[in-house]
Amino acid sequence: CSDLVIKGFEIKGATTGVGLNGVGGVTVENCVIHDSTPTDSSGIYIFSECNGVTIQNNVIYNINAAGNSPWSSVGVGIRVSDSDNVNVWNNTIDNCSLGDFYYGASPGGGPYGHITTYNNIVANSAGWAFVNPWNTDSSYFTNGYNLLFNDATTYGNYPAGNNGPENGDVTGDPKFVFGTDPDVRAFA
């Protein structure tokens, strides 16, 4: 499918809130995805061979997994694997094991496509706010102007060798009205 817009859904308790595989030209926007605790859960998961996907203006929170340690069972706000031209813009990700997790066909292996992350808020991650494992070519990533707060580690090799804010990123308390227990009615 292409030119599909997934818009305005509230998804609660799903292992994967929105999952895409082998599609192009899809937009996921204005969704509220929350409260998932199964092993390897994801708010939004772009599985593989997707091209031209835009993820924008979503609120994703409380996506956690048993164990909650990097490279084992993880709860991820936005997970992208083996896809190209993925745009992640203006999302709020709060209280997830990992904020934005990007990798090739498998963690540690390509092929990699290009991902752009701009104007996102990533707060209270038990692991990394942004992570791209083991890729040394920063040309696959365009990112900046994100707000980062209270994450165990701001960046994990995203882009490679970077362990701090990028191009206009800021760190600071986003001052969520409902703290760590968001009320989705505020986002409707």
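**Rings, strands and charges**

Modeller: Gladly! Let us begin with the rings: there are 3 aromatic pairs in the structure. Please keep in mind that this is a predicted model.

Colleague: What makes the pair of Tyr45 and Phe47 stacked?

Modeller: Two values decide it. The ring centres of Tyr45 and Phe47 lie 4.0 Å apart, with 25° between the planes. Rings pair if their centres lie within 6.5 Å, and planes under 30 degrees apart count as stacked.

Colleague: Why is the pair of Tyr102 and Phe141 called edge-to-face?

Modeller: Here the centres are 5.6 Å apart, again within the 6.5 Å limit. The planes stand at 90°, and over 60 degrees counts as edge-to-face, so that is the name for Tyr102 and Phe141.

Colleague: Now the strands. How many are there in the protein chain?

Modeller: The protein chain has 19 strands and 0 helices. An open sheet is formed by 7 strands, in the order 2-5-8-11-14-17-19, and the pairing is parallel.

Colleague: Why do strand 2 and strand 19 stand at the edges?

Modeller: Strand 2 (10–12) and strand 19 (170–171) each have a single partner strand, so one side of each is left without a neighbour in the sheet.

Colleague: How do you know that strand 17 is paired with strand 19?

Modeller: Two strands pair if there are at least two bridges between them. Strand 17 (residues 147–149) and strand 19 are joined by 2 bridges, so they meet the condition, and they run parallel. In one of these contacts, Leu148 has Thr171 of strand 19 as its bridge partner.

Colleague: What joins strand 5 to strand 2 and to strand 8?

Modeller: Strand 2 and strand 5 run parallel and are joined by 3 bridges, with Glu10 standing opposite Val32. Strand 5 also pairs with strand 8 (residues 59–63) in the parallel sense, over 4 bridges, and there Val32 has Val59 as its bridge partner.

Colleague: Why is strand 5 described as largely enclosed?

Modeller: In strand 5 (residues 32–36), 4 of the 5 residues are buried, so the strand is largely enclosed by the rest of the structure.

Colleague: What pairs with strand 10?

Modeller: Strand 7 (residues 54–56) pairs with strand 10 (residues 86–89) in the parallel sense over 3 bridges, and Thr54 stands opposite Asn87. Strand 10 also runs parallel to strand 13 (residues 115–118), joined by 4 bridges, and Val88 stands opposite Thr117.

Colleague: Why is the contact of Glu29 with Lys7 called a salt bridge?

Modeller: The closest N and O atoms of Glu29 and Lys7 are 3.9 Å apart, and the limit is 4 Å, so the pair is a salt bridge. A search of the whole structure finds 1 salt bridge. The pair links distant parts of the chain, with Glu29 in strand 4 (residues 27–29) and Lys7 in strand 1 (residues 5–7), 22 residues apart. Glu29 has a relative accessible area of 13%, under the 20% cut-off, so Glu29 is buried.

Colleague: And what makes Asp173 partly exposed?

Modeller: Its relative accessible area is 41%, between 20% and 50%, so Asp173 is partly exposed. Asp173 sits in the segment after strand 19.

Technical notes
Residues numbered from 1 in each chain as written. Predicted model: local features only at pLDDT ≥ 70, side-chain atom pairs only at ≥ 80, totals over all residues. Heavy atoms only, no water. Phe/Tyr/Trp six-rings, centres within 6.5 Å; stacked < 30°, edge-to-face > 60°. Salt bridge = Lys/Arg side-chain N within 4 Å of Asp/Glu carboxyl O. Buried < 20%, exposed > 50% of the residue type's maximum accessible area, 1.4 Å probe, protein only.
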